[in-house]
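Welcome, and please take a moment to look over the sequence and the 3D view.

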Amino acid sequence: MEFFIQLLINGLSVGLLYGLSALGFVMIFKSSSVLNFAHGELLAMGAFLFLVLVSWAKVPVFIAFVITLAGCFLLGFVVERIFLRPLIGESLIFVIMLTVGLASMFKGLLLFFFGGNLQTYPDFLPAALAIRLGSISVPPVYVASSLMGGVFLVLFGLFFKYSSHGIYMRSVADNQTAALSLGVHVKKVFALSWAIAAMVAGMSGIMLGIINGINVHQISSIGLKVFPVVILGGLDSIGGAIIGGIIIGLLEAFTSGYISPSLRDVVPYIILVFILLIKPYGLFGLKEIERV
Amino acid sequence: MRRMHVHPCGNFKENYAQELTVFETDFGRIAVFLGLIVLFGIVPFVSSPYLLYVMNTTGIAAIAALGLNILVGFTGQISLGHGAFFGVGAYAGAILATAAGLPFWVAVPAAGFITAFVGMIFGIPSGRLKGLYLTIATLAGQFIIEYILVHWESLTKGTMGITLPTATIFGVALDNDRRFFFVIFLCLAAITLVTSNLMRTRYGRAFIAIRDNDRAAEGMGIPIFPYKLLSFAISSFYAGFAGALWAYYMVSISSEPFTLGLSVEYIAMVIIGGLGSIPGSIFGAVFITGLNEMLRFATDALMNLGALAGFGLNSASLREFAFGLAIVLFILFEPKGLAELWRIVRSSFRLWPFSY
């Protein structure tokens, strides 16, 4: 029973991280329907920027966090402006391959500057955040990331619901042409959504870095694990991303605990194929699949 | 004898036979024959072993890239699992050669058929999915196949890998690069010919119709799903064939190379070469393999510079970056790829001096 609960907590916290990582991905898809294969590298960019600021430049943690978010915001903006904007209206394969190319470029850059070794942040989270329930303990990192995840989710919920930019973004996601004809500046919306998504990715990257340490290969493979998560949750549902993340995290934890640890990494993809065959729009996605 | 004719300055085709012809002019036919004579008569005898090795890997990559181009460029189904299919072919070839003891010339096509079968299984989602959903499904296929290759140890020997016997064909042992060169490039030439003819049959035209507009294709009476499966099967057959050749050429294989990175490399070949273009696939294979080799030289040279050695410069990072940059630049500036550049160069010669 104790083993079960430990697995449950592990799964929940890893799943929450998957969910957080998927948030930015869903935002990009929602507004510009770009399938971003470079998402893992965006996560890594945030993680490494924070690393540089905290461990090398010795900036106080809070300021470093703010600077990282601002830097990622700018990065997302620049990426959209230079690489994605010329491809508006191009066919799917070019957009997908462009993000694949970007992923490989970013990965190369990060490997060049930081190498493929595991790096860690100095320990800065207060130990008081840890929760102990009898013999089961939740480390402070997980508590902090759950809190952050919760806060961001609420903020985004409010942003999409009430702010004018959030409403523009939803309108573009719903129907680009209609939004354009009603005077929404679609290009601005794309740029903004990439910027915000990169910012969220940066934040998730920092969380990942605190928990697992920072390693380019590892973080970029988490970027690929975003796919089962978002397909399960529904490609355009932000709440679905979190729930999908948690389900995938739990599945991974239980398969590695009860069946075989080596199966852990492939189980999300097996699930992914089945979801695609049975319910391709996911748990909370919009039904827009056409069958020909 | 027929009169030699050159390319007209416009589209003056009068019947379907002219539209379907493989060589548009007799000069094209002669150029191809001359090219083949140079390729088989001169190139293997003047090249160094290293150059032969590079050309052989290029030839194998070109076969696989042709297969992917049928699926992506002609049928419009984006697959991120081609590297895994290549791996399936390599393992199928290796297992048939060692456990079943089949000779080279049986094992390689048989590996192709096995891979075609596997490809059809992973093509089944295409019955319900299209566009990015299908892409994600093939991504999942890549990871699942990779996992099976590593963990089905009774069959694939896991991380230990399999060592193959020397290939023999008609009693000749293919034990050096030059002999392999002939086998690989004969296969490539035959496959290129088959592919360019295949794209002119009802199957090829059905593929193109599905790519251009699947609803319209269905309306015209093309059964979409069987044709998509067929496209997956043909494309995987090529991948498997190339994979088995590769396994024989490399002598021993392990599950390491068949990652998502390899799949991306094949897609990059197809895009950089030119989607939906048969010479394009070969251009792409040449470009990517050449780029890899050049980057290897460049990093070796930089590492020996001493001043940079302490900087932690490793070949992996430069390779990744340059590879990504090549993809991005081609997509942004020449999305139709090298085949289009080649066409522009040719037509500017043809139309000179009135090139408009």
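Chain B holds 15 helices and 4 strands. This is a predicted model, so confidence values accompany the description. For chain B the mean pLDDT is 84, with 92% of its residues at 70 or more. Among the elements of chain B, helix α11 (residues 224-250) has the highest mean pLDDT, 91, while strand β3 (residues 172-173) of chain B has the lowest, 72.

How does the overall build of chain B look? For 356 residues, a compact globule would have a radius of gyration near 21 Å, and chain B agrees because its own value is 21 Å. Its C-alpha atoms fill a box of roughly 60 × 50 × 50 Å along the principal axes.

Now turn to chain A, which contains 11 helices and 2 strands. Read from the N terminus, the elements of chain A come in the order α-α-α-α-β-β-α-α-α-α-α-α-α. The average pLDDT of chain A is 82, and 93% of the residues score at least 70. Within chain A, helix α3 (residues 61-84) has the highest mean pLDDT of the elements, 89; strand β1 (residues 131-133) of chain A has the lowest, 68.

The globule rule works for this chain too: 292 residues would give a radius of gyration near 19 Å, and chain A has 19 Å, which agrees. The C-alpha trace of chain A spans about 60 × 50 × 35 Å along its principal axes.

**Where the chains meet**

For the complex, the predictor gives an ipTM of 0.84 and a pTM of 0.87. Which residues build the contact? Chain A contributes 35 residues and chain B contributes 39 residues. On the side of chain A that touches chain B, α4 (92-114), α9 (216-233) and α11 (267-278) of chain A each supply at least two residues. The most comes from α4(A), with 17 residues. By class, this side of chain A has 28 nonpolar, 5 polar and 2 charged residues.

Two packed helices are described by the angle between their axes and the distance between the axes.

| Helix pair | Angle between axes | Distance between axes |
|---|---|---|
| α2(A) and α8(A) | about 65° | 7 Å |
| α3(A) and α8(A) | about 135° | 7 Å |

How do α2(A) and α8(A) lie to each other? With that angle, they are roughly perpendicular, and α2(A) passes α8(A) in a right-handed crossing. Residues of α2(A) in the contact include L42(A), M45(A), G46(A) and F50(A), and those of α8(A) include A198(A), G202(A), G205(A) and I206(A). The contact of α2(A) with α8(A) has 13 nonpolar and 6 polar residues, with no charged residues.

The pair α3(A) and α8(A) is oblique, and its crossing is right-handed. From α3(A), the contact includes L69(A), F73(A), G76(A), E80(A) and R81(A); from α8(A), F190(A), W194(A), A198(A), G202(A) and I206(A) are among them. The residues of the contact of α3(A) with α8(A) divide into 17 nonpolar, 3 polar and 2 charged.

Definitions and conventions:
Residues are numbered from 1 along each chain as its sequence is written. Chains are lettered from A and ligands numbered from 1 in the order in which they are written. This is a predicted model: local features need pLDDT of at least 70, side-chain atom pairs count only at pLDDT 80 or more; totals for chains, interfaces and linings use all residues. pLDDT is the predictor's confidence in each residue, from 0 to 100. Two residues are in contact if their C-beta atoms, placed from the backbone, lie within 7 Å. Ala, Val, Leu, Ile, Met, Phe, Trp, Tyr, Cys and Pro count as nonpolar, Asp, Glu, Lys and Arg as charged, and the others, Gly among them, as polar. Axes are lines fitted to C-alpha atoms, for helices over the stretch in contact, and angles run from 0 to 180 degrees between N-to-C directions. Angles under 35 degrees count as roughly parallel, over 145 as roughly antiparallel, 65 to 115 as roughly perpendicular and the rest as oblique. A crossing is left-handed if the near helix is turned anticlockwise from the far one by less than a right angle, and right-handed if clockwise. The radius of gyration is taken over C-alpha atoms; the globule rule is 2.2 Å times the number of residues to the power 0.38.
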